[in-house]
Every structure is written in C-alpha cells, then in structure tokens.
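Keep the structure in view as you read.

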Amino acid sequence: MGLTIAIQKSGRLHDDSIKLLKECGIDIANGVNKLKAEASNFPIEVYFLRDDDIPQYVEDAVADIGIVGENVVYEKNKKVEVVEKLGFGKCRLSIAVSRNEKYDEHSNYLEGKRIATTYPHIVQKYLDEKNINAEIHEISGSVEIAPGIGLAHAICDLVSSGSTLFMNGLKEVETILQSQAVLIKHKGLGAEKQQILDKLLFRFQAVKKAKNNKYILLNAPNENLAEIVSLLPGMKSPTVLPLAETGWSSVHSVLSENEFWDNIERLKAAGAQGILVVPIEKMII
Ligand code: ATP
Ligand code: ZN
C-alpha cells in the first residue's frame, strides 16, 4: 500500500509543494478541481485540501503525511510529528498596532487590550508566557482592518513583506512565531509506509542540499594551482584538468554559495579566470 500526502488545494503553499514533489522526480497529474491524484512513478497519492484541515487529517491517518505551515501546526495543536522543515512558505506571526500608537515592549501596552486574530491558541500561549491579560477576538479573515474599524486595539497576523500592514496604517511591534512549510506525519505510521517516507525524505534532502550548493568551474594558471585548489575544498577534492593552452588548468568543484562568495576575491587575486557558477539539480553524498 502506498503513502498518502495532503497538500494545500490552492493558496500560497500549493505551487511550492507540487514543485518539491516534481524536483523529487514524482509525477502527478494535477487537475484543477481534483480532490486527489496518484503519482505515476512513486507509491504516493496526493490529497488536495484546505491547509487548516491538514493536521486533523494527518492525526486521524486519513492522510499519512502532509505539507503545511508551522503556524497552522501550532495553532491546531494536533497529535502529529514534524519531520522536516521544507524551506518555503516563510513568514512570521506578528502583533501589529496602529502606526500612531506608542508601543514599547516594556510598557505592557497589550494589558487589558483587545487583539483580533485568526490564531487564538498561539496568541493565548504568548500572552500566558508574558503574563499579559488581554482579550482575544477571533476572526476568520481580513484581520488587518480590525483596528481601523474599532474592533480591536491590536492584531496578530501573518506577515511576510509588511506591505499589507503598511497599507492599513499599522506597524509590526512583536514577532511571536517564525514559520515555514514543514512535512508532518501521522504518529503511528506502519513500517511499510515509513519505508516509503524514508525514500521520500532521502529525495527531499538531496534536493535541499543541491539548492545550497553550486558547481564551480574556473581556469587557473598552473603556478597558482595549489593556492586556488585550497580555496575550493569540494566534496572530496576539486577536479583538475589540463587546458589546451599550456600553463593553464580547468578546476571544477562543488561549494556552498556562501563559501564561494567568501573566497571570490582571493580566487581572482590568485589569477582564476572564466569563473562559472552552475546550479546543481540533485546532490547525494
Ligand atoms: P486555505 O484556503 O487552504 O485555508 P489560506 O487562505 O488559509 O488557505 P494561504 O493564504 O494560502 O492560506 O496561506 C497558506 C500558508 O502560507 C500560511 O498558513 C503560511 O504558513 C504561509 N504564508 C507564507 N507567507 C504568507 C503571508 N505573507 N501571508 C499569509 N500566509 C503566508
Ligand atoms: Zn487556511
């Protein structure tokens, strides 16, 4: 029996979830109004659901695994296990108040105030930790208009760029959670399904590693080869090939992008030329 994975039907996580499965070599026919789809080349079936419902479905084993934001996982607080952070859908859950309000984190501004949010559980936990008494007003959408219409003094909502807050005359004053998409699994997954999940995780990790690394090619004058090679550690050690022009070699290596930028000046100073940086699709080490 195959594995079932729940992903968002439409919305901010849908495209990246599909893309991740594709990068792992999993082909799914994605009809727009479909409820589910089976992969043709991997034992997995995809359910398309509202993100809010995914933790419950995974707790109940209706779906074995799911892709959902950490914000939803913590708000729903279902019995599921977070297996892997996926690196997309990044945002933060923040408190915002009207731009004209004086807010200072030590001034107890929120005490006795009313906060509008779609995340009542996370906000309550935050208030409890800080020993603040405030009223939570749960609403299901358009949270950012609440202060403007006198519904609440503050809001707690997801932010990525902050432009929505800005357009509504609000300012972000506290971040209470950093969030990204994660893979969750049912807690009592059987051995056979766990094996398929392990295969899938192996592929996820190969894709993730590849994204953080680049294939570097450059031409090096032979007299400085030792120095250039020492700047390009690589997975084992760099490949060095002679160029047709005597006195020059071609050096190939795999580096994290940061390592590359850290060393670029020294590579150039050592005479490296024709430097190419190429993306890697999969990386298995
Ligand atoms: P659904 O119809 O599935 O309930 P939704 O309207 O609740 O969708 P979306 O707005 O599509 O949800 O957001 C899905 C997830 O994307 C969020 O729960 C969050 O984890 C992530 N996300 C990333 N950036 C943002 C952002 N700027 N605003 C809202 N969500 C974001
Ligand atoms: Zn939702």
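Lys-208 is partly exposed, because its relative accessibility is 35%; that class lies between buried, under 20% relative accessible area, and exposed, over 50% (1.4 Å probe, protein chains only). The model is predicted: local features need pLDDT of at least 70, side-chain atom pairs count only at pLDDT 80 or more, and totals for chains, interfaces and linings use all residues. Residues are numbered from 1 along each chain as its sequence is written, chains are lettered from A and ligands numbered from 1 in the order in which they are written, and side-chain values use heavy atoms, with hydrogens and water left out.

Which residue does Lys-208 form a salt bridge with? The partner is Glu-84, and the closest N and O atoms are 3.3 Å apart. A salt bridge here is a side-chain nitrogen of Lys or Arg within 4 Å of a carboxyl oxygen of Asp or Glu. Glu-84 belongs to strand E5 and Lys-208 to helix H6, so the pair ties together parts 124 residues apart in sequence. Helices (H or I, at least four residues) and strands (E, at least two) are DSSP runs, numbered from the N terminus. Glu-84 counts as buried, at 11% relative accessibility.

The structure holds 11 salt bridges. One of them joins the side chains of Glu-23 and Lys-211, at 3.2 Å from N to O. Glu-23 sits in helix H1 and Lys-211 in helix H6 (residues 191-212), so this pair links parts 188 residues apart in sequence. Glu-23 is partly exposed at 23%. Lys-211 is partly exposed too, at 47%. Another salt bridge joins Lys-282 and Glu-281, at 3.1 Å from N to O. Glu-281 is exposed, with a relative accessible area of 63%, while Lys-282 is partly exposed at 37%.

Now turn to the sheets. Six strands form an open sheet in the order E2-E3-E1-E4-E11-E5, with mixed pairing. Two strands pair if DSSP finds at least two bridges between them. Strands E2 (36-38) and E5 stand at the edges with a single partner strand each, so one side of each has no neighbour in the sheet. The twist averages 25° from one strand to the next. Helix H1 (residues 14-23) packs on this sheet, touching E1 (3-8), E3 and E4, and its direction makes about 145° with that of E1. Contact means heavy atoms within 4.5 Å. Axes are lines fitted to C-alpha atoms, for helices over the stretch in contact, and angles run from 0 to 180 degrees between N-to-C directions.

Why is strand E11 (residues 181-186) called largely enclosed? Six of its six residues are buried, so the rest of the structure largely encloses E11. Strand E4 (residues 65-69) runs antiparallel to E11, joined by five bridges. Gly-69 stands opposite Ala-181 there. Strand E5 (residues 80-85) is also antiparallel to E11, with five bridges. Lys-85 faces Val-182 in that pairing.

Strand E6 (residues 91-98) pairs with E9 in the antiparallel sense over six bridges. Ala-96 stands opposite Ile-155. Strand E7 (residues 114-117) runs parallel to E9, joined by three bridges. Ile-115 has Ala-154 as its bridge partner in E9.
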